[in-house]
Amino acid sequence: MANTARTVDRVEDGLHAGPDAQVDDKRLLILPTDPARTDPFLVLSEDWFSTPGFEWHPHRGLETVTFVLDGVLEHGDNIGNSGALESGDVQWMTAGRGIIHRELAYRNERAHTLQLWLNLPAGARMVDTRYQDVLAAGRPRITRPGAVIDVVSGTVDEVTGPALNHWPVQGVIVTIEPGVVVDLPVPAPDRAFALVLHGSTAVAGHQVNAGQVAWSEPVTGPGSVLKLRAAPDTDDVARLMVYSGPPVAEPIVMGGSFVMNHAHEIEQARRDFRSGGFGPVPRLARL
């Protein structure tokens, strides 16, 4: 049976939030204002920072996927992980029942990152915490004429990315030469978004420019494809971040850096953190 051709439901510009106490500049590409509409993706934040960055802070009930666009990201947590990630590297963190971590610009120089918050079903919100450094050098890549698909998570063309999941998420970085068309397989039950990182791309026939996000809703059928076509009248390659996953379709309550199903669970997370239930705030030295 033929795969269903996906359509684009909407194209969004996001919100330029500007500098704050942690970052030099910020854009919110997926806003947490209507999580049921973007589930299983809750937030996508683009951040530029030097100092102070994101010092020790807690999370519970979600996963965060951090993609380093430029600079070097220093990270650490209270379960013993620390290190530095460079351009192209991804960190996939399962907050689960509770973690305290930090994300800083190495030597306070500069870091430019994207961070995606992933929803989890109720049965997985309190799993054990886990850090995965999904380094660019170790990820599998699919080479097609005029295009490369870098597989972070999920399986594309029988190539499986290294990220381990508590909820089935497919995540790829696609690089396309001018004028080239890529039919990207996407599981039919998935809600998908395509963020154009560089250049200009037609996503299912809709023009999407750098910094914009195109959304595609679940379809019926055995499988589906999302058609990507890089602009032909340019010398620049197009680069996109394309993630998809089936909606969890459960109640979502967000409270700061906690995501749970009910408000009383958010209050419990705050009490647990204040009482030391997440463990002590580390005294880890800077790299």
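1. Basis of the note. This is a predicted model, in which local features need pLDDT of at least 70 and side-chain atom pairs count only at pLDDT 80 or more, while totals for chains, interfaces and linings use all residues. Residues are numbered from 1 along each chain as its sequence is written, and side-chain values use heavy atoms, with hydrogens and water left out.

2. Overall fold. The chain contains two helices and 27 strands, where helices (H or I, at least four residues) and strands (E, at least two) are DSSP runs numbered from the N terminus. The radius of gyration of the chain is 19 Å, close to the 19 Å that the globule rule gives for 287 residues, so the chain is as compact as a globular protein of that length; the radius is taken over C-alpha atoms, and the rule is 2.2 Å times the number of residues to the power 0.38. Along the principal axes, the C-alpha atoms fill a box of roughly 55 × 40 × 35 Å.

3. Of the 287 residues, 53% count as buried (buried means under 20% relative accessible area, exposed over 50%, and partly exposed in between, with a 1.4 Å probe and protein chains only). Among contacts (heavy atoms within 4.5 Å) between residues at least 6 apart in sequence, 73% join residues at least 24 apart.

4. Surface and charge. The chain exposes about 12,000 Å², of which carbon and sulfur atoms supply 52%, with areas from the Shrake-Rupley method, a 1.4 Å probe and, for residues, only the protein chains shown as cover. There are 24 positive and 35 negative side chains, and the centres of the two sets lie 4 Å apart; Lys and Arg count as positive and Asp and Glu as negative, with His and the chain ends not counted, and each charge is placed at NZ of Lys, CZ of Arg, CG of Asp or CD of Glu.

5. The structure holds seven aromatic pairs (rings of Phe, Tyr and Trp, the last by its six-membered ring, pair if their centres lie within 6.5 Å; planes under 30 degrees apart count as stacked, over 60 as edge-to-face and the rest as tilted). One of them is the tilted pair of Phe 193 and Trp 215, at 5.5 Å centre to centre with 45 degrees between the planes. Phe 193 lies in strand β20 (residues 191–198) and Trp 215 in strand β23 (residues 213–216), so this pair ties together parts that are 22 residues apart in sequence. The rings of Phe 193 and Tyr 243 have centres 6.2 Å apart and planes at 15 degrees, so that pair is stacked, and it links strand β20 to strand β25 (residues 238–245) across 50 residues. Phe 193 and Trp 215 are buried, as is Tyr 243. Phe 41, Trp 92, Phe 193, Trp 215 and Tyr 243 form one aromatic cluster.

6. Cis peptide bonds. Asp 39 and Pro 40 are joined by a cis peptide bond with omega of about 15 degrees, and Pro 40 sits in the loop between α1 (35–38) and β5 (41–49). Another cis bond joins Thr 51 and Pro 52, with omega of about 5 degrees; Pro 52 belongs to the loop between β5 and β6 (54–59).

7. Positive phi values. Asn 108, a residue other than glycine, has a positive phi near 60 degrees; Asn 108 is in the loop between β11 (99–105) and β12 (111–118) and is partly exposed, with a relative accessible area of 35%. Ala 204, also not a glycine, has a positive phi of about 50 degrees; Ala 204 lies in the loop between β21 (200–203) and β22 (206–209) and is partly exposed at 23% relative accessible area.
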